[in-house]
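This report describes a single protein structure for a reader who has not seen it before. Please look over the sequence and the structure before reading on.

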Amino acid sequence: MTRLSLDETATCACGAVTMTVAGPVLSMLVCSCRDCRKASGTGHSTVVLVPSEAVTISGEVKGHTRIAASGSEITRSFCPHCGTPLFARTARAPKLILLPAGLFDDPAWFAPTQAIFSRSHLDWDVLDPALPRYDTYRDANGF
């Protein structure tokens, strides 16, 4: 199976922050944990996981760190000028960066392969019923 590789650039709403992603996509998923719901303002987040070294960020970024539903520390970063959510990093996977798929102008390539933290998924947030769902993570190895 061929792994998707991105060569994409995304900006925040005001254009103060630019992120370039050049590298393999390790996973694409939706997450319904309460932290992701609060961060996205919706019933779930759409997440693209890539190696941290595949992402180049220019511009000022601020972050907020808290303990996530997994029990691990998560830092969510955003543009301090317009508030656009940009990326997240977790202590449980420090070499990965979590990118919101909606950050990209045309994320037609996004195709989630799993739904995590389905134990807190909201009934009104309709997902493809064929999408594999996990109460927390898929397995002990992570995403």
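Which elements each supply at least two residues of the lining of the largest cavity? They are strand 3 (27-31), helix 1 and strand 7.

## Basis of the values

This is a predicted model, in which local features need pLDDT of at least 70, side-chain atom pairs count only at pLDDT 80 or more, and totals for chains, interfaces and linings use all residues. Residues are numbered from 1 along each chain as its sequence is written, and side-chain values use heavy atoms, with hydrogens and water left out.

Helices (H or I, at least four residues) and strands (E, at least two) are DSSP runs, numbered from the N terminus.

## Cavity and pocket

On a 1 Å grid over the protein atoms alone, a cavity is a set of points where a 1.4 Å probe fits but cannot get out; a pocket is an open set with protein on both sides within 12 Å along at least five of seven lines, and lining residues have an atom within 4 Å of a point. Grid points are joined across faces, edges and corners, and a volume is the space filled by probe spheres set on the points. The count is 1 cavity of 30 Å³ or more. The largest cavity has a volume of about 150 Å³ and is lined by 19 residues, with C31, C33, C36, I74 and Y137 nearest its centre. Strand 7 gives the largest share of this lining, 3 residues.

The largest pocket has a volume of about 460 Å³. Its lining has 26 residues, and A39, S40, R76, P85 and P100 are the closest to its centre. Two or more lining residues come from each of helix 1 (34-40), strand 4 (45-51), strand 6, strand 7, strand 8 (85-90) and strand 9 (96-100). Helix 1 provides the largest share of the pocket lining, with 5 residues.

## V50 in strand 4

V50 belongs to strand 4. Its relative accessible area is 0%, so V50 is buried (under 20%; exposed is over 50% and partly exposed in between, with a 1.4 Å probe and protein chains only). Beyond its neighbours within four places in sequence, V50 is in contact (heavy atoms within 4.5 Å) with V21, P24, V25, L26, V55, K95, L96, I97 and L99. V50 and P24 are 26 residues apart in sequence, but their C-alpha atoms are 6.3 Å apart in space.

## H121

H121 lies in the segment after strand 10 (114-116) and counts as buried because its relative accessibility is 15%. The side chain of H121 makes a polar contact with the side chain of S32 at 2.6 Å. A polar contact is a pair of N or O atoms within 3.5 Å; within protein, one must be able to donate a hydrogen and the other to accept it, and residues adjacent in sequence count only if both atoms are side-chain atoms. The H121 side chain also reaches the backbone oxygen of D125 at 2.5 Å.

## Cysteines

With a disulfide taken as a pair of cysteine sulfur atoms within 2.5 Å, the count is 0 disulfides. C12 is in no disulfide, and the nearest cysteine sulfur, in C14, is 3.7 Å away. C12 is buried, at 3% relative accessibility. The closest cysteine sulfur to that of C82 is in C79, and at 3.7 Å it is too far for a bond. C82 is partly exposed, with a relative accessible area of 32%.
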